[in-house]
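Subject: Structure handover

Hello,

Here is the structure I said I would pass on. Please open it next to this email and follow along.

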Amino acid sequence: MDARTKEAIRYLGYGRHAVDDHTLKLVESCFEELSQEACGRIVYRIFELEFPESGRILLGNLDIHSKNLYKNLTGCKKAVLLGATLGPKVDLLLRKYSIGDMARVVTLQACAAAMLEEYLDEWQTALEADMKKEGYYIRPRFSPGYGDFDIAHQDIILRMLDTAKKIGLTLTGGNMLTPSKSVTAVIGLSETETSCHIKGCEVCQKRDCAYRRS
Ligand code: SF4
């Protein structure tokens, strides 16, 4: 079983070994259909960081009060701000099945979430190599909505990255990203090596790391 299938199954609420053949086939067929429709796009910019006081971060036009993000970024000089999406066709696919096949909609949702994570992980691996050449190590990505990093920051992040024009990523009136399978995130850049786990602190073995996301 590949990593994204395992992830999709986890999102569906199954333990790793408890999944039945019918669900597994459904997951495979959803990934197949999604791969025809998903079109991963990403936009990012690098900003200098300032920490005027404990728990407060200045990143371009963003003035963030968050103890969790502060901990994640402590020791970083700069940060990457990113917006990424799988594109609008994934939403059309979800809508297509929303009348009559809810099991497929739920599975497509899980598979698309796993696909977006995989897309970001691959992109992040390339970013890590590029940044290393410039003497920077990357911290795990941290999205608005994690811990006390207020999701309301997404609006200004999208404007700072001009995502509407560049990758068609906007917010709905209810502050939801559209297309729905999209994400915004901050990735700290530090001159001190932490060699972060690509999947983030939750699965990282460095239990005593000072920057660990709680
Ligand atoms: S716990 Fe691991 S993933 Fe999290 S900041 Fe530390 S080294 Fe990076």
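The notes below go through the sheet, a helix, some backbone details and the ligand.

This is a predicted model, in which local features need pLDDT of at least 70 and side-chain atom pairs count only at pLDDT 80 or more, while totals for chains, interfaces and linings use all residues. Residues are numbered from 1 along each chain as its sequence is written, and side-chain values use heavy atoms, with hydrogens and water left out.

The sheet

Helices (H or I, at least four residues) and strands (E, at least two) are DSSP runs, numbered from the N terminus. Two strands pair if DSSP finds at least two bridges between them. The open sheet has 6 strands in the order β3-β2-β1-β4-β8-β5, and the pairing is antiparallel. β3 (62-65) and β5 (137-138) stand at the edges with a single partner strand each, so one side of each has no neighbour in the sheet.

β1 and β4 are joined in the antiparallel sense by 8 bridges, and R45 has L81 in β4 as its bridge partner. Between β1 and β2, also antiparallel, there are 3 bridges, with E50 opposite L58 in β2. These two strands, β1 and β2, form a hairpin with 2 residues between them, and G55 in the turn has a positive phi of about 85°.

What does R56 touch, leaving out residues up to four places away in sequence? The answer is E50, F51, D63, I64, H65 and Y70 (contact means heavy atoms within 4.5 Å). R56 and L69 are 13 residues apart in sequence, and their C-alpha atoms are 8.8 Å apart in space.

Helix and loops

Helix α6 (residues 154-161) lies across β1 (41-53), β2 (56-59), β3, β4 (76-85) and β8. D162, in the loop between α6 and α7 (163-167), has a phi near 55°, a positive value in a residue other than glycine. P179 is in the loop between β7 (177-178) and β8; the peptide bond joining T178 and P179 is cis, with omega about 0°.

The ligand

Around the ligand are P140, T194, C196, H197, G200, C201, C204, K206, C209, Y211 and R212 (each with a heavy atom within 4 Å of it). This shell divides into 6 nonpolar, 3 polar and 2 charged residues. In this count, Ala, Val, Leu, Ile, Met, Phe, Trp, Tyr, Cys and Pro are nonpolar, Asp, Glu, Lys and Arg are charged, and the others, Gly among them, are polar.

Regards

Key. Axes are lines fitted to C-alpha atoms, for helices over the stretch in contact, and angles run from 0 to 180 degrees between N-to-C directions.
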